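Student: I would like to learn how to read surface patches, cores and loop residues from a model. Can we take them in turn?

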Amino acid sequence: MLIDFFFSLRHAKLPVSVKEYLTMLEALKAQVISPSIDEFYYLSRMTLVKDEKHFDKFDQTFAAYFKGVENLVDWKSDIPLDWLQKTLERELSAEEKAKIEAMGGLDKLMERLKQLLEEQKEKHEGGNKWIGTGGTSPFGHGGYNPEGIRIGGPSKGNRTAIKVWETRAYKDYDDQVELGTRNIKVALRRLRRFAREGADTELDLDDTIHSTAANAGLLDIKLRPERHNKVKVLMLMDVGGSMDDHIKRVEELFSATKTEFKHLEYYYFHNCVYDYVWKNNRRRHAEKIATWDLIHKYTPDYKVIFVGDATMSPYEILQPGGSVEYNNPEAGAVWLNRLIEQFPKFVWLNPEPEGLWQYRQSITVINQIMKSRMYPVTIAGLEQTMKVLSK
């Protein structure tokens, strides 16, 4: 069973080695955990996954292999997707709430949920049995039950759900994703400036032939430093929220960029750059990096690439306190201007279809700040980007 689990992780392109797998087996043999699927999850993740950027992929593979909670739901069933939208928030009296009883623990809840998903064929609102909104059923959202599973929508504020299906932290963009096309990498190669540096690690064939001939035919191998792309890139990527719709495209771009540029630094932000950014989305609140540090750390010869859909309220860009996550003391526009003043070679890549830009006021604002250097994440857009950055 665990051998198949190991191959499932490898099939998901997780860098799991045989040595790490044997370490997990040794821990199980030593009985360092009790016979619990939850404890096995943490043990296997600790022994098999060495980089936090793979946690999200590991979670999905683990859930799929062990038929976890997510697999109990057939999201491709005939139930219409819009029934999950919040259409009713029913106000319940104290007497009505007092009549609601818990169903007896998570296992029983999951059994009942699976049964209802097999029986229910349409949306339901305001009831106490089916999966729906605004009622007293243990399943759904927008209602009230002291022990339930919230599905597909926000809490009404009671915070009584014992399992929330939609909770998921921001996920780091995967730089190992396989590109669907090589065109992105070809476009990025237009921004290259090679130079030889470092130790003698590359065969100089012409010099070797000349030296061997001059040495009466005795082989005289000559080496030279390898050629490396000297271009320095600072990449700032929007993550979370509306950017979830563009994960695949941004991952392809990120993966290609890491391949093409040796000198690449990258950071994340949400919606707009403010007074701090971060490297790891799971620790983004604990390990903040001041934007001032970026401005002081990197020299002006770095080429800055902003990546984001620029879709937000204009208030988030133009006003102090505009961030949706905290009370930022200075407006996002102030920080964007500071960055482009420090790094004169800059562009903004927008994965949102260019035909929609005119309908987003925030995109117009960002494009003005970027001095019209906003380009779509298309092959043509990337070629334009490389031309601007290479000037």
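Student: Which residues form a nonpolar patch on the surface?

Tutor: The model is predicted. In it, Leu-203, Leu-205, Ile-209, Leu-219, Ile-221 and Leu-223 make up such a patch, and their accessible area together is about 620 Å². Leu-203 belongs to strand β5, residues 194–203.

Student: Where do nonpolar side chains usually go?

Tutor: In soluble globular proteins, they tend to be buried together. Here the largest nonpolar core has 32 residues, and Leu-234, Leu-236, Phe-306, Leu-336, Trp-348 and Met-370 touch the most other members. Elements that each supply at least two residues of this core include β7 (232–238), β8 (263–269) and α13 (361–369). The largest share, 5 residues, comes from α12.

Student: What is Leu-336 in contact with, leaving aside neighbours within four places in sequence?

Tutor: The contacts of Leu-336 are Cys-272, Val-273, Phe-306, Trp-348, Ile-366, Ile-369 and Met-370. There is also a second, separate core of 24 residues, with Val-231, Val-239, Val-250 and Phe-254 among them.

Student: Why does Asn-328 count as buried?

Tutor: Asn-328 has 1% relative accessibility, so it counts as buried. Asn-328 sits in the loop between α11 (314–318) and α12 (332–342). A polar atom of the Asn-328 side chain lies 2.7 Å from the backbone oxygen of Glu-330. Asp-275, 53 residues away along the chain, has its C-alpha atom 7.3 Å from that of Asn-328.

Conventions: Residues are numbered from 1 along each chain as its sequence is written. This is a predicted model: local features need pLDDT of at least 70, side-chain atom pairs count only at pLDDT 80 or more; totals for chains, interfaces and linings use all residues. Side-chain values use heavy atoms; hydrogens and water are left out. Helices (H or I, at least four residues) and strands (E, at least two) are DSSP runs, numbered from the N terminus. Buried means under 20% relative accessible area, exposed over 50%, partly exposed in between (1.4 Å probe, protein chains only). A polar contact is a pair of N or O atoms within 3.5 Å; within protein, one must be able to donate a hydrogen and the other to accept it, and residues adjacent in sequence count only if both atoms are side-chain atoms. Patches are made of residues with over 30% relative accessible area and no salt bridge: like charges are joined within 9 Å, nonpolar side chains (Val, Leu, Ile, Met, Phe, Trp, Tyr) within 5 Å. Accessible areas come from the Shrake-Rupley method with a 1.4 Å probe; for residues, only the protein chains shown count as cover. A salt bridge is a side-chain nitrogen of Lys or Arg within 4 Å of a carboxyl oxygen of Asp or Glu. A nonpolar core is a set of buried Ala, Val, Leu, Ile, Met, Phe, Trp, Tyr and Cys residues joined through side-chain atoms within 4.5 Å. Contact means heavy atoms within 4.5 Å.
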